[in-house]
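Visitor: I am new to this structure. Please show me how to read its features.

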Amino acid sequence: LNTSDISVTCEAPANPEGYSNVSLGIGERILSGSGLAFLYVKPPDLESLTPSFGQLASRSIVTIIGKHFLRSGTWCRFGQFAPTPADVLSSSSIRCFSPPSKEKETVKVSVSVNAVDFGDSTLEFSYKTAAMLTGLNPTIAVVSGGSAITIFGSGFEKCALLQMTLGSETMKLSYVSSSIAMGVTPPLAAIGNYTVAVSNNGLEWSSEGLVVQVLGDLGLTALE
């Protein structure tokens with residue numbers, strides 16, 4: 001129990017879900033309590049988060065799926081970092097920004113509905129080196145799609161969200177190693193030069209200015 005001239009801080013005892021009346025007293029003398037109530041709620045129960053990792057020194061938008069989120073007062077905490085307010089989409093879905101980290105590490109993610117009590121239900125979020133592009137082979141594709149391209153670089157992760165963009169179009173990549181991935185180009189809107197970018201999680205992208213030249217479909221016009 002901590003007191004000052006204008007406030008009293010005390011620990012709430014365990015109680016079932018619902019409202020409990022609150023009163024303030026000294027010994028057996030009740031000083032206050034009329035109209036005061038304290039709400040007990042179910043603690044957040046976390047099930048999954050997407051993405052499960054982000055780049056070093058950057059903030060990622062992380063969607064957390066679970067139960068018992070409240071419309072107001074819901075917060076996320078990533079490891080030792082200070083809690084951040086959550087954007088509550090529903091009682092089962094919230095969005096949070098992961099705080100930037102300078103270290104490659106995996107931290108526990110927990111959620112609170114009062115910014116004080118963070119429950120035992122946790123998930124893991126990892127900070128990893130960003131994917132980087134160094135080369136493409138070939139650097140020419142056809143506008144109708146279906147061109148196989150090998151991507152060279154570093155920091156590629158073996159995950160379902162490994163992907164590359166050509167302009168505004170996205171293509172999934174197959175992981176070969178941390179420095180090699182492969183993909184097949186989708187149909188494109190027009191011929192021309194397309195800047196490419198790569199991502200491990202679909203949120204954070206790295207380009208390095210590499211370009212794929214897209215040509216019209218090639219066909220046989222004569223046979224000799």
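Predicted model: local features only at pLDDT ≥ 70, side-chain atom pairs only at ≥ 80, totals over all residues.

Visitor: Let us begin with the cores. Which residues of the largest nonpolar core touch the most other members?

Guide: The general idea is that in soluble globular proteins, nonpolar side chains tend to be buried together. Here the largest nonpolar core has 20 residues, and Ile151, Met164, Leu166, Leu173 and Val212 touch the most other members. At least two residues of this core come from each of strands 16, 18, 19, 20, 22 and 23. Strand 22 gives the most, with three residues.

Visitor: What does Met164 touch?

Guide: Leaving out residues up to four places away in sequence, the contacts of Met164 include Leu136, Ile151, Leu173, Val196 and Trp205. There is also a second, separate core of 18 residues, with Cys76, Phe81, Ile94 and Val107 among them.

Visitor: Is Thr165 buried or exposed?

Guide: Buried means under 20% relative accessible area. Thr165 has 13%, so Thr165 counts as buried. This residue lies in strand 19, which covers residues 163-166. Apart from neighbours within four places in sequence, Thr165 is in contact with Thr170, Thr195, Val196, Ala197 and Trp205.

Visitor: Which residues make the nonpolar surface patch of about 380 Å²?

Guide: That patch is made by Tyr19, Leu39, Val41 and Leu70. Tyr19 sits in strand 3, residues 18-21. With a relative accessible area of 66%, Tyr19 is exposed.

Visitor: How many salt bridges does a search of the whole structure find?

Guide: As a general point, side chains of opposite charge can pair when their charged atoms come close. In this structure the search finds three salt bridges. One of them joins Asp87 and Arg95, whose closest N and O atoms are 3.3 Å apart. Asp87 is partly exposed at 38% relative accessibility, and Arg95 is partly exposed at 35%.

Visitor: What parts does the pair Lys108 and Glu124 tie together?

Guide: In this salt bridge the closest N and O atoms are 3.4 Å apart. Lys108 belongs to strand 14 and Glu124 to strand 15, so the pair ties together parts that are 16 residues apart in sequence.

Visitor: Where do Lys128 and Glu157 lie?

Guide: These two form a salt bridge with closest N and O atoms 3.2 Å apart. Lys128 is in strand 15, while Glu157 is in the loop between strand 18 and strand 19, so the pair ties together parts 29 residues apart in sequence. Lys128 is partly exposed at 25%, as is Glu157 at 21%.

How values were computed: Residues numbered from 1 in each chain as written. Heavy atoms only, no water. Helix = DSSP H or I, 4+ residues; strand = E, 2+ residues; numbered from the N terminus. Buried < 20%, exposed > 50% of the residue type's maximum accessible area, 1.4 Å probe, protein only. Contact = heavy atoms within 4.5 Å. Core = buried A, V, L, I, M, F, W, Y, C linked by side-chain atoms within 4.5 Å. Patch = residues over 30% accessible without salt bridge, like charges linked within 9 Å, V, L, I, M, F, W, Y side chains within 5 Å. Areas by Shrake-Rupley, 256 points an atom, 1.4 Å probe, with all protein chains shown as cover. Salt bridge = Lys/Arg side-chain N within 4 Å of Asp/Glu carboxyl O.
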